[in-house]
Amino acid sequence: MLISGLLNDFIPAKIVRMGKNSRMPTKKKRELWFLVEGKPARFSVREFAIVTGLVCTPKPFLGLEEMLKLKARIRDENFKGATQIKVDDIQKAFRSLCDKEEGGKKKKVEKGKKKKAEKEKDLGTDRVKIALLYFLEGVLLGADPKRNVSTFHMSMVDDLDMFNSYPWGTVVYDTTVDSLGGKDMVEKYRERLRKPPHKQLPDVKETYTLYGFPFAFQVWIISCFV
């Protein structure tokens with residue numbers, strides 16, 4: 001199970017409902033406003049950056065030269081050139097690379113000499129890159145394990161300097177706000193309860209599926225209401 005899946009299990013429905021019920025209408029697409037004790041409170045990229053510590057500067061424009069630098073090596077070498085790669089596949093690829101390292105160490109001990117040092121170095125670098133990709137897709141973006149991974153993100157991670165300097169906080173914030181500010185989740189739950197008793201699931205629980213990093217919103221809204 002993904003870390004994000006574990007985290008989402010701990011997002012109390014009451015906290016989300018509290019925020020949804022006190023939400024104020026706004027024309028600003030990248031902000032959420034709430035009425036807290038009679039006063040307006042804003043959840044924007046600024047508050048998100050304060051809570052998470054992520055870099056939330058504007059996303060840079062990547063010109064043709066930068067786009068041409070992006071390669072498909074990670075996909076070709078670790079996923080056999082597959083065009084659709086799931087978040088689950090990233091986890092499996094990481095474990096496979098770790099298994100290769102363990103196998104390499106045993107072989108080295110048995111033969112008592114160092115072989116293919118350059119290949120081992122590349123293997124270690126790929127482990128770091130795939131771990132970063134997994135953390136981005138599975139934790140920060142909260143993607144479903146069966147959801148396809150962004151080919152752009154996969155190409156970006158092969159250039160660590162470019163990947164580490166990119167404002168991923170802005171990407172994560174946009175995903176989070178889109179998830180929180182989409183269809184009224186409370187109304188969707190109420191619709192489930194309006195169904196005839198024989199069509200309702202037993203012991204139905206009030207749950208919501210959120211993407212992005214909703215824990216930042218949870219921390220912020222607790223500080224507002226508690």
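Let me begin with the contacts, meaning heavy atoms within 4.5 Å: of those in the chain with a separation of 6 or more, 73% are between residues 24 or more positions apart. What we have here is a predicted model, in which local features need pLDDT of at least 70 and side-chain atom pairs count only at pLDDT 80 or more, while totals for chains, interfaces and linings use all residues. Residues are numbered from 1 along each chain as its sequence is written, and side-chain values use heavy atoms, with hydrogens and water left out.

As for the overall make-up, the chain has 12 helices and 3 strands, these being DSSP runs numbered from the N terminus, H or I of at least four residues for helices and E of at least two for strands. Of the 226 residues, 36% are buried, where buried means under 20% relative accessible area, exposed means over 50%, and partly exposed lies in between, with a 1.4 Å probe and protein chains only. The chain exposes about 14,400 Å², with 56% of that supplied by carbon and sulfur atoms, and the areas come from the Shrake-Rupley method with a 1.4 Å probe.

Now to the sheet, which is open, has the strand order β1-β2-β3, and is paired antiparallel. Because β1 (23-24) and β3 (39-43) stand at the edges with a single partner strand each, one side of each is left without a neighbour in the sheet. Two strands count as paired if DSSP finds at least two bridges between them; β1 and β2 (residues 32-36) have 2 bridges, and β2 and β3 have 5. Phenylalanine 34 in β2 is the bridge partner of arginine 23, and phenylalanine 34 also has a bridge partner in β3, namely alanine 41. In the hairpin of β2 and β3, with 2 residues between the strands, glutamate 37 takes a positive phi near 50°.

Finally, leaving aside residues up to four places away in sequence, methionine 156 touches Leu62, Leu70, Met162, Phe163, Tyr166 and Trp168.
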